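Before reading on, take a moment to turn the model around and to tell its two chains apart. The paragraphs below begin with the chains one by one and then move to the place where they meet.

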Amino acid sequence: MALNPLAQPDTLVLSETPLRSRLFVGTGKFSSNDIVPNVIKESGSQVVTMALRRVDWKNPQENILNYLPEETILLPNTSGARNAEEAIRIAHLARTAGCGNWVKIEVIQDQRYLMPDNYETVKATEQLVKEGFTVLPYMSPDLGTARRLADAGAAAVMPLGAPIGSNRGLKTKELIRILIDEIPLPIIVDAGIGRPSEAAEAMEMGAAAVLVNTAIATAENPVAMARAFRLAVESGRLAYLAGPGARQLRAEASSPLTGFLRS
Amino acid sequence: MKIVVNGESVELLQPTTITQWLNEQNGIPNSTIIEFNGEILSQDQWNSTALRDGDQLEIFLFIGGG
């Protein structure tokens with residue numbers, strides 16, 4: 001008999017780090033950084049992404065790190081990188097800044113759909129794993145690439161559900177399902193998830209975690225939406241562990257089929 | 001003496017270190033990451049690094065991102 005999921009602590013272990021929360025959140029696009037601490041609190045997230053950019057002299061920006069709880073695991077992304085070399089450079093800069101050694105590889109040349117370059121992503125992953133980074137690569141869901149990322153030593157594989165920021169949901173669901181089935185690493189759905197129900201759906205099918213940014217940041221009330229995503233991710237995960245029943249075309253009565261008064 | 005900061009030419013009126021120069025810039029937030037002539041500098045090297053004519057600084061910062 002399967003273990004009782006209600007009686008076990010459910011932990012996602014990434015690079016020997018146990019995580020209670022399976023919701024990772026991004027910090028982009030919020031109307032103000034001031035709400036970021038509350039968003040993170042309500043999301044329950046322990047892993048938070050951020051980006052690295054040149055300082056803009058004319059419009060100095062705030063350091064997002066000032067808004068993150070101290071115990072947060074920082075997951076700097078390599079957004080802006082167009083090839084493996086640039087991604088590696090960003091990872092080095094982030095590590096120098098004392099961000100730890102986790103990095104989300106994101107290599108993009110396509111400016112319309114922001115689709116990741118899987119080939120350059122594999123190259124960057126190979127190099128950064130050798131240098132001791134915990135590498136979480138963002139990728140287009142493709143089994144061959146996912147296998148190469150696993151062979152390269154990635155800590156997880158992060159396929160997109162739909163283009164970044166599109167809020168369109170799990171458009172790549174069947175491809176992600178194949179990765180979950182075939183790849184012996186945590187599969188973290190990153191990008192495209194627009195509603196808590198879609199996060200729950202990803203978790204129900206066995207995703208190890210989801211990464212959500214735009215769906216929370218662009219909600220009318222991001223703090224409440226962060227809580228909604230937390231509940232959805234927990235719900236979907238528990239449903240996965242509980243083992244959903246089989247689907248069938250025809251009805252099967254939930255009540256006994258005998259007549260009310262006579263058989 | 002001129003240095004290049006994030007691709008822009010900047011005139012220095014007197015010899016200075018990276019730390020001193022940063023302190024004079026109002027637009028630069030406190031915790032930044034610096035590449036000096038293509039090499040990443042740790043913060044403890046800022047104080048001991050004197051800026052010379054033609055030096056190139058790239059200054060980075062963490063901002064919101066997904």
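The radius of gyration used here is taken over C-alpha atoms, and the globule rule with which it is compared is 2.2 Å times the number of residues to the power 0.38. Keep in mind throughout that this is a predicted model.

With that rule in hand, we can begin with chain B. For its 66 residues a compact globule would have a radius of gyration near 11 Å, and the 12 Å of chain B agrees with this. Along the principal axes, the C-alpha atoms of chain B fill a box of roughly 40 × 25 × 25 Å. Its secondary structure consists of two helices and five strands, and when these elements are read along the sequence they follow the pattern β-β-α-β-β-α-β.

The C-alpha trace of chain A spans about 85 × 40 × 40 Å along its principal axes.

Three strands, in the order E6-E7-E8, form an open sheet in chain A, and their pairing is parallel. Strand E6 (102-105) and strand E8 (158-159) of chain A each have a single partner strand and stand at the edges, so one side of each is left without a neighbour in the sheet. Strand E7 (residues 134-139) of chain A is joined to E8(A) by two bridges, and these two strands run parallel; to see where they face one another, look for Tyr138(A), which stands opposite Met158(A) in E8(A).

Over all chains, the structure holds twelve salt bridges. In one of them Asp10(A) is paired with Arg22(A), and their closest N and O atoms are 3.0 Å apart. This pair links distant parts of the chain, twelve residues apart, since Asp10(A) lies in the segment before strand E1 (12-14) of chain A, while Arg22(A) lies in the loop between strand E2 (17-19) and strand E3 (23-26) of chain A.

We come now to the contact between the two chains. The size of an interface is often given as the accessible area lost when the parts come together. Chain A and chain B bury about 2400 Å² between them, with 61% of it on carbon and sulfur atoms, and the contact takes 31 residues from chain A and 26 residues from chain B.

Which interactions are found between the chains? There are two salt bridges between chain A and chain B, and in one of these the side chains of Arg89(A) and Glu35(B) meet at 2.5 Å, N to O. Twelve residue pairs are in polar contact between chain A and chain B. On the side of chain A that touches chain B, the elements that give two or more residues are strand E4 (47-54) and helix H2 (84-96) of chain A, and the largest share, six residues, comes from E4(A). By type, the residues on this side of chain A divide into 13 nonpolar, eleven polar and seven charged.

Strand E4(A) also pairs across the contact, for it joins strand E5 (residues 56-64) of chain B in the antiparallel sense over five bridges.

Methods: Residues are numbered from 1 along each chain as its sequence is written. Chains are lettered from A and ligands numbered from 1 in the order in which they are written. This is a predicted model: local features need pLDDT of at least 70, side-chain atom pairs count only at pLDDT 80 or more; totals for chains, interfaces and linings use all residues. Side-chain values use heavy atoms; hydrogens and water are left out. Contact means heavy atoms within 4.5 Å. Buried area is the accessible area (1.4 Å probe) that two parts lose on being put together, summed over both. A salt bridge is a side-chain nitrogen of Lys or Arg within 4 Å of a carboxyl oxygen of Asp or Glu. A polar contact is a pair of N or O atoms within 3.5 Å; within protein, one must be able to donate a hydrogen and the other to accept it, and residues adjacent in sequence count only if both atoms are side-chain atoms. Helices (H or I, at least four residues) and strands (E, at least two) are DSSP runs, numbered from the N terminus. Ala, Val, Leu, Ile, Met, Phe, Trp, Tyr, Cys and Pro count as nonpolar, Asp, Glu, Lys and Arg as charged, and the others, Gly among them, as polar. Two strands pair if DSSP finds at least two bridges between them.
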